[in-house]
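Please keep the sequence and the structure in view while reading.

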Amino acid sequence: EYAEFLHCKSKKFTDFDEVRQEIEAETDRVTGNNKGISPVPINLRVYSPHVLNLTLIDLPGITKVPVGDQPQDIEYQIKDMILQFISRESSLILAVTPANMDLANSDALKMAKEVDPQGLRTIGVITKLDLMDEGTDARDVLENKLLPLRRGYIGVVNRSQKDIDGKKDIRAALAAERKFFLSHPAYRHMADRMGTPHLQKVLNQQLTNHIRETLPSLRSKLQSQLLSLEKEVEEYKNFRPDDPTRKTKALLQMVQQFGVDFEKRIEGSGDQVDTLELSGGARINRIFHERFPFELVKMEFDEKDLRREISYAIKNIHGVTGLFTPDLAFEAIVKKQVVKLKEPCLKCVDLVIQELINTVRQCTSKLGSYPRLREETERIVTTHIREREGKTKDQV
């Protein structure tokens, strides 16, 4: 039997006391020697005919109050670290809870439930059964009655700190554990389903079943990835970067993409909706429906003046002979009023032009890798917009 660490690969440890010391030493090297934490795992491989083929990830317990050199947000750091591991669909979760603590307060079960609400891959482990108050037992929990889990609970009795300090070996500890379950009146009837050896057996069995269940989906996922990669490889086999047709095609695609992007921004049907500010069509919409009406409302005219002007216009048109009020008077007055609309209308055109040019700039940002193409596209489209601007203003 021997063990190897990933951080000192060349060395084989045959004394397991040395392994324990090395774990402590490596922890101090990585986290400092005042209870710091690190998400980097210590990798240890144990080679032995007496152990099962399992990968076990021992995660830290949740610390609520920082001690030593621990940061203030230690609880959230540890939670994030634990979630990284237990969220994986392919892993089994061992939710370890001491028997002398209320199961309803178990952090392990609470977090397991978050990522595995159906309890499909959670196994409950109850420790410290020998430390419960006299007259109490964990029978309801172990019989899966109190907080039922699909895969049930297994009770274990580990060595105490005194046993570890006194170098009590594992075989003696397993024998003591077996004796505890056989002699305890509450657990006697289920002694065969309790203890570390049974936990090992269950884990091996469950993991084998779990692998069997998750393998088909993993396989089909890999196959589809392989197919798409093969397809991609096939496309690159005939790839000639200097082929002028490829360049023309690429250029056309980019110009078409620019057209599509521009249209989408104006129509407001883009696949990426900006949630921080108005853009493109929405801004132009605002100019028409908010800015322009606001400019019109600001226009002032005095009714008294207008009446006086109308009166003069009519008299002036009549001159010496006047039977009918001619259209000319009406036209003269209306023209004078309509001229007032000219400025806000032209201002509106200017604002819209500015928005269109901004939108062009936003749409050419995808052409960043080709500065000259970007420059030319912007120049051509902007020139076209400017040409239309003159005609629009004439019409207005």
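In this predicted model, a polar atom of the side chain of Ser38 lies 3.0 Å from the backbone nitrogen of Val40. Ser38 itself is placed in the loop between helix H1 (16-31) and strand E2 (44-47), and, when residues up to four places away in sequence are not counted, Ser38 touches Val30, Thr31 and Met81.

Two packed helices are described by the angle between their axes and the distance between the axes.

| Helix pair | Angle between axes | Distance between axes |
|---|---|---|
| H2 (residues 74-86) and H3 (residues 107-115) | about 50° | 10 Å |
| H8 (residues 244-267) and H11 | roughly 135° | within 9 Å |
| H9 (residues 281-298) and H11 (residues 327-364) | roughly 160° | within 10 Å |

The pair H2 and H3 packs at an angle of about 50°, and these two helices are therefore oblique to each other, with a crossing that is right-handed. On the side of H2 the contact is made by Lys79, Ile82, Leu83 and Ile86, and on the side of H3 by Lys110, Met111, Ala112, Glu114 and Val115. Sorted by class, this contact of H2 with H3 has six nonpolar and three charged residues, but no polar ones.

Helix H11 takes part in the other two pairs of the table, with H8 and with H9. How are H8 and H11 oriented to each other? Their axes cross at roughly 135°, and the two helices are therefore oblique to each other, while H8 passes H11 in a right-handed crossing. Phe258, Asp261, Phe262, Arg265 and Ile266 in H8 meet Leu356, Thr359, Val360, Gln362, Cys363 and Thr364 in H11. By class, the contact of H8 with H11 holds six nonpolar, three polar and two charged residues.

For H9 and H11, the axes cross at roughly 160°, and the helices are therefore roughly antiparallel to each other; here, too, the crossing is right-handed. The residues of H9 that meet H11 are Arg283, Ile284, Ile287, Phe288, Arg291, Phe292, Glu295 and Leu296, and their partners in H11 are Leu341, Pro344, Cys345, Lys347, Cys348, Leu351, Val352, Glu355 and Leu356. This contact of H9 with H11 has 12 nonpolar and five charged residues, and no polar residue.

Key: Residues numbered from 1 in each chain as written. Predicted model: local features only at pLDDT ≥ 70, side-chain atom pairs only at ≥ 80, totals over all residues. Heavy atoms only, no water. Axes fitted to C-alpha atoms, helices over the stretch in contact; angles between N-to-C directions. Helix = DSSP H or I, 4+ residues; strand = E, 2+ residues; numbered from the N terminus. Parallel < 35°, antiparallel > 145°, perpendicular 65-115°, else oblique. Left-handed = near helix turned anticlockwise from the far one by under 90°. Contact = heavy atoms within 4.5 Å. Nonpolar A, V, L, I, M, F, W, Y, C, P; charged D, E, K, R; others polar. Polar contact = N/O pair within 3.5 Å; in protein donor to acceptor, adjacent residues only side chain to side chain.
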